[in-house]
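Hi there,

Here is the structure I promised to pass on. Have a look at it first, and my notes follow just below.

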Amino acid sequence: MLFFSYFKDLVGREVTVELKNDLAIRGTLHSVDQYLNIKLENTRVVDQDKYPHMLSVRNCFIRGSVVRYVQLPPEEVDIELLHDATRREAR
Amino acid sequence: MMIAFSTLVLLPILAKLVMLLGDGRHLLGLLRSFDQFASIVLEGACERVIVGDLYCDIPLGLNVIRGENVVLIGEMDMEKEELPSHMTAVSTAEIKRAQKAGRDATYLKGSMKNIMKSLDID
């Protein structure tokens, strides 16, 4: 629940989602669900020439189970808030 | 809770999609249905095989794909170019040959590396 709430607060931010198959996609976080499935808008693949399949894709849905990393800009991350939330969850 | 997933996928219903599967395959088609596991019904599906600058669309018809194999579902923007202009369409037989050539090259590279390793050559 913690990361679901966290990602809900990050809706509208630019993120880079790196998948387990090494594909990295940059886009605006549109929505997230309880499985941490991610919907991105305005997407562009980080290494476009390596993945020509995705050239015309601007919005995509990514299944939560295939995400390796969600890269966020450091200014947007409030460490203290995350610490507090983690402590609350652990109780 | 299924509502959350529905809002994610509902938008591109009936839209032309690119779907990436867990085994690396790329499918194109029209989204007809989905469920809470991200299982998909894809109509008019074709598998787009890309090897270097060659590509081939292999028609598959109506498919049901189990959710655990789905990696990514992308909505194709009809106004944008589907593929880079330097790519050429080839027949199924030719793309299969190109794929096999790629696999053989990888295997050869792998076996050469192993031979070098066993001979302890830097």
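Among contacts in chain B between residues at least 6 apart in sequence, 49% join residues at least 24 apart. Please keep in mind that this is a predicted model. Chain B has two helices and six strands, and along the sequence they come in the pattern α-β-β-β-β-β-β-α. Of the 122 residues in chain B, 36% are buried.

Now for the interface as a whole. In it, 30 residues of chain B are in contact with 24 residues of chain A. The two chains bury about 2400 Å² between them, with 66% of that on carbon and sulfur atoms. The count of salt bridges between chain B and chain A is zero, whereas eight residue pairs are in polar contact across the interface. On the side of chain B that touches chain A, two or more residues each come from helix H1 (2-10), strand S1 (16-21), S3 and S5 of chain B. The largest share, seven residues, comes from S5(B).

In chain A, helix H1 (residues 2-9) has Leu2(A), Phe4(A), Tyr6(A) and Phe7(A) buried. The buried residues of H1(A) pack against strand S2 (24-32), strand S5 (67-71) and helix H2 (79-90) of chain A.

Thr43(A) lies in strand S3 (residues 38-45) of chain A and counts as buried because its relative accessibility is 4%, under the 20% cut-off. Beyond its neighbours within four places in sequence, the contacts of Thr43(A) include Ile25(A), Val57(A) and Cys60(A). Asn37(A), in the loop between S2 and S3 of chain A, is buried too, at 4% relative accessibility. A polar contact of 2.9 Å joins its side chain to that of Asp33(A).

- Arg13(A) and Glu76(A) have their closest N and O atoms 1.9 Å apart. This pair links the loop between H1 and S1 of chain A to the loop between S5 and H2 of chain A, 63 residues apart.
- Arg44(A) and Glu14(A) have their closest N and O atoms 2.9 Å apart. Arg44(A) is in S3 and Glu14(A) in S1 of chain A, so the pair ties together parts 30 residues apart in sequence.
- Glu18(A) and Arg68(A) have their closest N and O atoms 2.8 Å apart. Here S1 and S5 of chain A are tied together, at positions 50 residues apart in sequence. Glu18(A) is buried at 17% relative accessibility, whereas Arg68(A) is partly exposed at 36%.

Salt bridges with shared partners also join Glu14(A), Arg26(A) and Arg44(A) into one network.

Best wishes

Methods: Residues numbered from 1 in each chain as written. Chains lettered and ligands numbered in written order. Predicted model: local features only at pLDDT ≥ 70, side-chain atom pairs only at ≥ 80, totals over all residues. Heavy atoms only, no water. Buried < 20%, exposed > 50% of the residue type's maximum accessible area, 1.4 Å probe, protein only. Helix = DSSP H or I, 4+ residues; strand = E, 2+ residues; numbered from the N terminus. Contact = heavy atoms within 4.5 Å. Buried area = accessible area lost by both parts, 1.4 Å probe. Salt bridge = Lys/Arg side-chain N within 4 Å of Asp/Glu carboxyl O. Polar contact = N/O pair within 3.5 Å; in protein donor to acceptor, adjacent residues only side chain to side chain.
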